[in-house]
Amino acid sequence: MQKTLLLCWVFLLSPRAGTEEIIGGHTARPHARPYMAFIRFLSGSSTMRCGGTLVQRDYVLTAAHCKGRAMNVILGAQNISKKERYQQVIPVGKAIPHPDYDPNNLANDIMLLKLKRKASLTKAVKPLSLPGLRSRLRPGQVCSVAGWGQVEIGKPFPDELQEVALKVQADETCESLFGTRYSRATQICMGDPHQKRNGFKGDSGGPLVCLNEFQGIFSSAKKNGTPPGVFTKVLSFLPWIKRTMKNHLLGH
């Protein structure tokens, strides 16, 4: 993220650049997304935030660039500035970024967080299933992303969870903007360039949900927040996700 090359195209999502947020969306209905995780951590002397997705009672999936010190996950939250009755605050026991993650271009921007204890399942806290192997997206399909990121440049971070609908774009749209930094094999191009809707700072790591399936993880966008944004394609990393969770279960 420190590379000048990256600064020209991105990266709302980089915690060091000041994480991404929802632009053009609205406040989500309380607990309509019980899989949402709010991740708070330290980077240098600053407190940072990212989004994440509970995929098992003791695992949260997020972006690799959201790694930091003293990581904590808040589950069951609507307003993260309050101590709500459904909230569960759980420390991260181990952060496991993908072994091929490249911070210079955000390739393979995916990370598992092993929680120090299992979450208690309630109406406000439930895992989101990983996508099926036959799951596919098509340009024009409408999906949604949610997070506690900024809603506008220069505005403070919202306290309540925000959500926005985004359309799947053809890979060529992001390839024309980001060149070789975009990979159609491992990333998804999201957000109509003609609409002011996108994830933004603070939304990094949050889930892209399409037809109730977990399809992507918010990774990056242009510095001014205009769409499209780039999401890590969860389907491409299913073998790594499942293998990693199984290995840690076995104590490897």
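These legends walk through several close-up views of one predicted model.

Local features are described only where pLDDT is at least 70 and side-chain atom pairs only at pLDDT 80 or more, while totals for chains, interfaces and linings use all residues. Residues are numbered from 1 along each chain as its sequence is written, and side-chain values use heavy atoms, with hydrogens and water left out.

**View 1. The whole chain, before zooming in.** The protein chain has three helices and 13 strands; these are DSSP runs numbered from the N terminus, with helices being H or I of at least four residues and strands E of at least two. Out of 252 residues, 53% count as buried, where buried means under 20% relative accessible area, exposed means over 50% and partly exposed is in between (1.4 Å probe, protein chains only). Take the contacts between residues at least 6 apart in sequence: 71% of them join residues at least 24 apart, a contact being heavy atoms within 4.5 Å.

View 2. Strands count as paired if DSSP finds at least two bridges between them. Strand β9 (residues 162–167) runs antiparallel to β1 (residues 26–27), and two bridges join them. On that side, T27 sits opposite Q162 of β9. Strand β8 (residues 142–147) also pairs with β9 in the antiparallel sense, this time over six bridges. Here C143 has L166 in β9 as its bridge partner.

**View 3. The C143–C210 disulfide.** Stay with C143, and a link to C210 comes into view: the two form a disulfide with sulfur atoms 2.1 Å apart. The pair connects distant parts of the chain, with C143 in strand β8 and C210 in strand β11 (residues 207–210), 67 residues apart. A disulfide, by the rule used here, is a pair of cysteine sulfur atoms within 2.5 Å. Turning 110° about the S-S bond, the link of C143 and C210 is right-handed. C143 is buried at 3% relative accessibility, and C210 is buried too, at 1%.

**View 4. The C50–C66 disulfide.** C50 and C66 are joined by a disulfide, S to S 2.1 Å. C50 belongs to strand β3 (residues 46–56), while C66 lies in the loop between β4 (59–62) and β5 (69–75), so to speak a link between distant parts of the chain, 16 residues apart. This link is left-handed, with -85° about the S-S bond. Both C50 and C66 are buried.

**View 5. The C174–C189 disulfide.** The sulfur atoms of C174 and C189 lie 2.1 Å apart in this disulfide. The link of C174 and C189 is right-handed, at 80° about the S-S bond, and both cysteines are buried. The structure holds three disulfides, and with bonded cysteines counted along the chain they follow the pattern 1-2, 3-6, 4-5.

**View 6. The E163–R33 salt bridge.** E163 and R33 form a salt bridge, their closest N and O atoms 2.9 Å apart. Because E163 lies in strand β9 and R33 in the loop between β1 and β2 (36–43), the pair ties together parts that are 130 residues apart in sequence. A salt bridge here is a side-chain nitrogen of Lys or Arg within 4 Å of a carboxyl oxygen of Asp or Glu, and by this rule the count comes to four. E163 is buried at 15% relative accessible area, and R33 is buried at 13%.

**View 7. The D58–K114 salt bridge.** D58 forms a salt bridge with K114, and the closest N and O atoms are 3.3 Å apart. D58 sits in the loop between β3 and β4 and K114 in strand β7 (residues 111–115), 56 residues apart. D58 is buried, at 10% relative accessible area, whereas K114 is partly exposed at 22%.

View 8. R184 forms a salt bridge with E172, with closest N and O atoms 3.3 Å apart. R184 is in the loop between α2 and β10, and E172 is in helix α2, 12 residues apart. Salt bridges that share partners join E172, E175 and R184 into one network. Both R184, at 39% relative accessible area, and E172, at 47%, are partly exposed.
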